[in-house]
Amino acid sequence: MDCMFTAVVNIGQLVSVAGPAAPRVGEGLGELGIVEDGALLVEGDRISAVGRYADLKTVIPAEAAVVDAEGRCVTPGFVDAHTHLVFAGNRAAEFEQRIAGATYQEIAAAGGGILKTVALTRAASEDELLVAARRHRDWMLRGGTTTLEAKSGYGLDRETELKMLRVIRRLNAEGPVRVVPTLLGAHTVPPEFADRRAEYVRFVSEELIPHVAAAGLAQYCDAFCDDHAFTVEETRAVLAAAKWNGLKLRVHAEQFRSGTGADLAAELGAVTADHLETATCETLEHLRAAGVQPVLLPGSVFALNMTQYPPARKMVEAGLAIVIATDFNPGSSPVPSMPFMMSLACVEMRLSPAEALSAATINAAYSLGLGSEIGSLERGKQADFLIHEFTDYRELAYFMAAPARPRVFVGGREVSS
């Protein structure tokens with residue numbers, strides 16, 4: 001029989017990210033609740049005590065299983081709050097085209113981009129998609145991601161969107177990574193509706209969203225508001241329908257041009273506005289007033305060889321509860337690594353390593369409605385944590401793209417991929 005208690009001892013630097021029961025903003029974003037010479041006591045899948053080993057050693061049960069952290073750094077598991085995990089095939093050829101000078105928009109206009117992945121995903125079986133998604137999930141798990149959000153959006157028809165959401169549900173059920181499902185029916189207009197945009201918006205709003213909501217296949221609804229995707233008014237129709245059907249809202253906004261969706265996210269009370277590379281100071285104030293969390297995706301800026309990163313420092317100064325995520329997808333961000341996102345956030349967006357870590361853990365957890373469950377190492381929360389190969393949390397961002405393999409624990413159990 002498994003032992004009820006696990007004690008993690010000999011932690012050189014325990015980065016608890018403990019703090020108020022709210023997303024971190026302002027100076028609080030850089031406060032990590034670090035405990036030197038720390039220990040964790042886990043009961044079942046929950047943390048029962050956190051602190052210095054000298055203070056906890058007398059309460060560790062004699063029968064507890066002991067995990068020796070060997071003086072290394074321990075942090076919460078990463079929470080990746082924006083991924084396109086489920087898709088068939090890849091777009092390596094487009095990667096080569098972009099290197100030769102083609103833009104993301106040019107490739108999309110020529111029938112590539114999202115529509116290329118749509119064709120491949122429609123042709124794949126559910127089991128084939130599960131195998132591919134499991135592979136992507138395992139890449140993330142090996143890097144320390146213990147919770148992630150996953151979107152549909154490569155089906156753009158009823159059958160394939162539901163197929164993708166079923167794959168997400170199956171991945172979540174098999175564990176060990178928690179997978180939060182989002183419907184992204186409004187990702188782009190599929191070719192069969194190219195001359196009937198209004199009809200496609202009606203299909204998503206009046207048929208797909210109610211079906212998905214009634215079946216409990218998604219917690220969130222997202223929409224891509226952009227010049228080559230959906231207009232603000234089209235996006236409003238989709239998200240209003242989602243809200244009416246009880247789904248919470250996320251929005252792809254302001255990636256390539258300001259005025260594309262962030263103000264709408266504030267107007268409709270979306271949980272997040274994602275991308276925001278071109279967001280203005282006025283828009284940031286609207287997001288702050290509405291309590292919308294920005295989800296920043298530096299991987300897509302990097303992979304598209306662009307130069308305008310989201311104005312993260314302005315967001316922190318404005319009091320916004322920023323999140324960092326991978327935007328993992330086959331086109332604009334084939335990047336599954338949260339530590340690499342932290343490196344980009346520090347180097348390109350001028351976040352401190354501490355701010356980047358908070359944005360990749362506790363703030364991301366709150367953006368998924370899980371802030372009371374995960375994202376920090378505190379009594380009562382699920383014991384999702386990482387024992388790193390190093391002794392200082394700053395090395396996460398400092399050693400860029402290092403082939404690090406932390407020991408990964410989900411619900412107090414060590415897992416492998």
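Modeller: Helices (H or I, at least four residues) and strands (E, at least two) are DSSP runs, numbered from the N terminus. This is a predicted model, in which local features need pLDDT of at least 70, side-chain atom pairs count only at pLDDT 80 or more, and totals for chains, interfaces and linings use all residues. Residues are numbered from 1 along each chain as its sequence is written, and side-chain values use heavy atoms, with hydrogens and water left out.

Colleague: Where does Pro176 lie, and what is the peptide bond from Gly175 to Pro176?

Modeller: Pro176 belongs to the loop between α6 (158-174) and β8 (178-186). The bond joining Gly175 to Pro176 is cis, with omega near -5°. Most peptide bonds are trans.

Colleague: Why does Leu156 count as buried?

Modeller: Buried means under 20% relative accessible area, exposed over 50%, and partly exposed in between (1.4 Å probe, protein chains only). Leu156 has 0% relative accessibility, and therefore counts as buried. Leu156 sits in the loop between β7 (145-151) and α6, and its phi is near 60°, a positive value in a residue other than glycine.

Colleague: What is the phi of His275, and why does His275 count as buried?

Modeller: His275, in strand β11 (residues 272-275), has a positive phi of about 95° although it is not a glycine. Its relative accessibility is 2%, so His275 counts as buried.

Colleague: Which residues does Thr283 touch?

Modeller: Contact means heavy atoms within 4.5 Å. Not counting residues up to four places away in sequence, Thr283 touches Ala262 and Asp263. Thr283 lies in helix α10 (residues 281-290) and, at 6% relative accessibility, counts as buried.
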